[in-house]
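Definitions are given where a term first comes up.

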Amino acid sequence: MFELLVNAEGGLTTAGYAVTIIAGIVFFLVAIYLAGKHSEKNKMSTKQLVFCAMAMALAFITSYIKLWEMPWGGSITLCSMLFIVLVGNWYGVGTGILVGLAYGVLQFIQEPYVLSFFQVCCDYILAFAALGVAGFFAKSKNGLLKGYIAAGLARGVFHVIGGYLYWMDYMPDNFPQSLKSIYPIAYNYSYILPEMIITIVVILIPAVAKGLNRVRQTAVE
């Protein structure tokens, strides 16, 4: 079954793309259903559909806007994680995780590379689903900021797990050999942490914070 979905180069076959797209649609629809369950009236689900779709689209678009390419690999994008975090902040952990799952599928379609099923889960599915944990902080003071920090760090954990299990043999020549034991940690957080810092600075700009608060009010009303 696995060979039908993945070719010899580690990419997806036609069947693999079809299954991946279907999985992404299913995850997204389930996320919208859960978002609707949190509303007092079912008519709100259409609005939630629009906001979740817009957030995922913006995350996908900004993931192509690469501010810096890191020397060991990976790139810093323009606040792409923030938009999935916003869904968790608006509609809760369950919806945030499922929209993150759907977004992870989109990232997999964008640039698929398969070593094993669990590697795909670590690098794409679980890592981006982890952004939904931002919902745990939604009702606390500075909930968006706390949630974003927790979500970014949680995403990195799954990338690191995948790194230790599957990517140690792919360590670049320019990585210091004395730090080989922490290669997955250094590699993944070398682009995640700078993006987090940039996004946190943006979130703390008063005009941006005010605008995000207005968007949140519109999304949850």
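1. The buried residues of H6 pack against helix H4 (80-91), H5 and helix H7 (143-167). Buried means under 20% relative accessible area, exposed over 50% and partly exposed in between, with a 1.4 Å probe and protein chains only. Helices (H or I, at least four residues) and strands (E, at least two) are DSSP runs numbered from the N terminus, and contact means heavy atoms within 4.5 Å. Ten of the 13 residues of H6 are buried, so this helix is largely enclosed by the rest of the structure. They are Gln119, Val120, Cys121, Cys122, Asp123, Tyr124, Ile125, Ala127, Phe128 and Ala129.

2. On provenance, this is a predicted model: local features need pLDDT of at least 70, side-chain atom pairs count only at pLDDT 80 or more, and totals for chains, interfaces and linings use all residues. Residues are numbered from 1 along each chain as its sequence is written, and side-chain values use heavy atoms, with hydrogens and water left out.

3. Gln119 lies in helix H6 and counts as buried, at 0% relative accessibility. A polar atom of the Gln119 side chain lies 2.6 Å from the backbone nitrogen of Leu115. A polar contact is a pair of N or O atoms within 3.5 Å; within protein, one must be able to donate a hydrogen and the other to accept it, and residues adjacent in sequence count only if both atoms are side-chain atoms. Neighbours within four places in sequence aside, Gln119 is in contact with Tyr113, Val114, Tyr124, Tyr166 and Trp167.

4. Where does H6 bend? The bend is about 30°, at Asp123. H8 also has one, of about 35° at Tyr189. The bend at a residue is the angle between axes fitted to the seven residues ending there and the seven starting there.

5. The lengths of two helices can be checked against the expected span, which is 1.5 Å times one less than the number of residues. For helix H8 (residues 183-204), 22 residues at 1.5 Å a residue should span 32 Å; the end C-alpha atoms are 31 Å apart, which agrees. H5 has 18 residues and reaches 25 Å from its first C-alpha to its last, close to the expected 26 Å. Of the 18 residues of H5, 13 are buried, so H5 is largely enclosed by the rest of the structure.

6. Gly94 is in helix H5 and is partly exposed, with 36% relative accessibility. Its C-alpha atom is separated by 8.0 Å from that of Gly135, 41 residues apart along the chain.

7. How many aromatic pairs does a search of the whole structure find? The search finds eleven. Rings of Phe, Tyr and Trp (its six-membered ring) pair if their centres lie within 6.5 Å; planes under 30 degrees apart count as stacked, over 60 as edge-to-face and the rest as tilted. Phe60 and Tyr64 have ring centres 5.3 Å apart and planes at 90°, so this pair is edge-to-face. Phe60 is partly exposed at 22% relative accessibility, and Tyr64 is partly exposed at 48%.

8. Tyr103 and Phe128 also pair: their ring centres are 5.2 Å apart and their planes at 90°, so the pair is edge-to-face. The pair links distant parts of the chain, with Tyr103 in helix H5 (residues 93-110) and Phe128 in helix H6 (residues 117-129), 25 residues apart. Tyr103 and Phe128 are both buried. Elsewhere, Trp72, Phe175, Tyr183, Tyr187 and Tyr191 form one aromatic cluster.

9. A search of the whole structure finds zero disulfides, a disulfide being a pair of cysteine sulfur atoms within 2.5 Å. Cys121 is in no disulfide, and the nearest cysteine sulfur, that of Cys122, is 7.0 Å away. Cys121 is buried, at 14% relative accessibility.

10. Two backbone angles deserve a look. Most residues other than glycine have a negative phi, and most peptide bonds are trans. Cys79, although not a glycine, has a positive phi of about 60°. This residue is found in the loop between strand S2 (75-77) and H4, and Cys79 counts as buried at 9% relative accessibility. Asn142, also not a glycine, has a positive phi of about 55° and is found in the loop between H6 and H7.
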